[in-house]
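Keep the model open as you read.

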Amino acid sequence: MVEELVVAGVALASAAVVYVAAAARVVKQYERGVVFRLGRLRPQVRGPGFTMIVPGFDRLQKVNMQIVTMPVPAQEGITRDNVTVRVDAVVYFKVTSPAEAVVRVQDYRFAVSQMAQTSLRSIIGKSELDDLLSNREKLNQGLELMIDSPAVEWGVTIDRVEIKDVSLPETMKRSMARQAEADRERRARVINADAELQASKKLAEAAHQMSDAPAALQLRLLQTVMAVAAEKNSTLVLPIPVELLRFLEKGAGVTGERPPLEVRLESDPEGANLRQE
């Protein structure tokens, strides 16, 4: 009798161990457990930690609640201004309702991927090339809204969408390079013209100022001679006007006029010493 009780106790303990082993489940911190009992969804979602189910009747399906990074394959399309481009993007999303993500859609990852590709092609067709290249923030927001609208019904929330790269044909790249070069040349010409205008105004003011003081013109002439002689030129021939001689005679206290002279300035190879003839 005692042996029968011992055998029954051992069998009962073994059955209990087998039942616990079959019913025990562990849900990780970043997961949630959705339980189906005889095919029907249980309203309570199992949180992280140790949990029990009814073996043979319940089925526990775990759903990852982490943010998923999904690359969107490059999509080729024609922009609104008739330019063929290839655009790829990346989508960041996460599950907010585990029960909806399991019940409403067969594979929410695949569904989000297909919706992202379709929305990206739609954005390409609605945008111009300049918007794809320089106004990506607005396009990212529009793309996020287009993907998030149906994804909410699947228990998924789109966290962020980013357009990574825009590939252009080689012919379009060369055309854009020529356009940029022409624009830079135009700006350079405008800057040079503006500089010439400012220089002409300053020269007109200087000429007006020198007309009141002829000696200033002669001094400026001598400064120009010295500047040219400083360069390593072999010979400099400069005619001296009569006005300069009169200015020099007045400074030395000499009266009378002298005929115009020709001054020849020669510099040595170093350009430092000058010789007058």
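Y19, V20, V26, F50 and M52 make up a nonpolar surface patch, with about 480 Å² of accessible area together. Patch members have over 30% relative accessible area and no salt bridge, and nonpolar side chains (Val, Leu, Ile, Met, Phe, Trp, Tyr) are joined within 5 Å. Areas follow the Shrake-Rupley method with a 1.4 Å probe. Helix α1 (2–23) and strand β4 (49–52) each give two or more residues to the patch. V20 sits in α1. Its relative accessibility is 39%, so V20 counts as partly exposed (buried is under 20%, exposed over 50%).

This is a predicted model: local features need pLDDT of at least 70, side-chain atom pairs need 80 or more, and totals for chains, interfaces and linings use all residues. Residues are numbered from 1 along each chain as its sequence is written, and side-chain values use heavy atoms, without hydrogens or water.

Now the sheets. Helices (H or I, at least four residues) and strands (E, at least two) are DSSP runs; two strands pair if DSSP finds at least two bridges between them. One open, antiparallel sheet has 3 strands in the order β3-β2-β5. β3 (40–41) and β5 (58–64) each have a single partner strand, so one side of each lacks a neighbour in the sheet. Strand β2 (residues 31–37) joins β5 through 7 bridges. F36 has R59 as its bridge partner in β5.

Another open, antiparallel sheet of 3 strands runs β6-β7-β8. Its edge strands are β6 (68–78) and β8 (156–167). β6 and β7 (residues 84–95) share 9 bridges.

Definitions and conventions. Patches are made of residues with over 30% relative accessible area and no salt bridge: like charges are joined within 9 Å, nonpolar side chains (Val, Leu, Ile, Met, Phe, Trp, Tyr) within 5 Å. A salt bridge is a side-chain nitrogen of Lys or Arg within 4 Å of a carboxyl oxygen of Asp or Glu. Buried means under 20% relative accessible area, exposed over 50%, partly exposed in between (1.4 Å probe, protein chains only).
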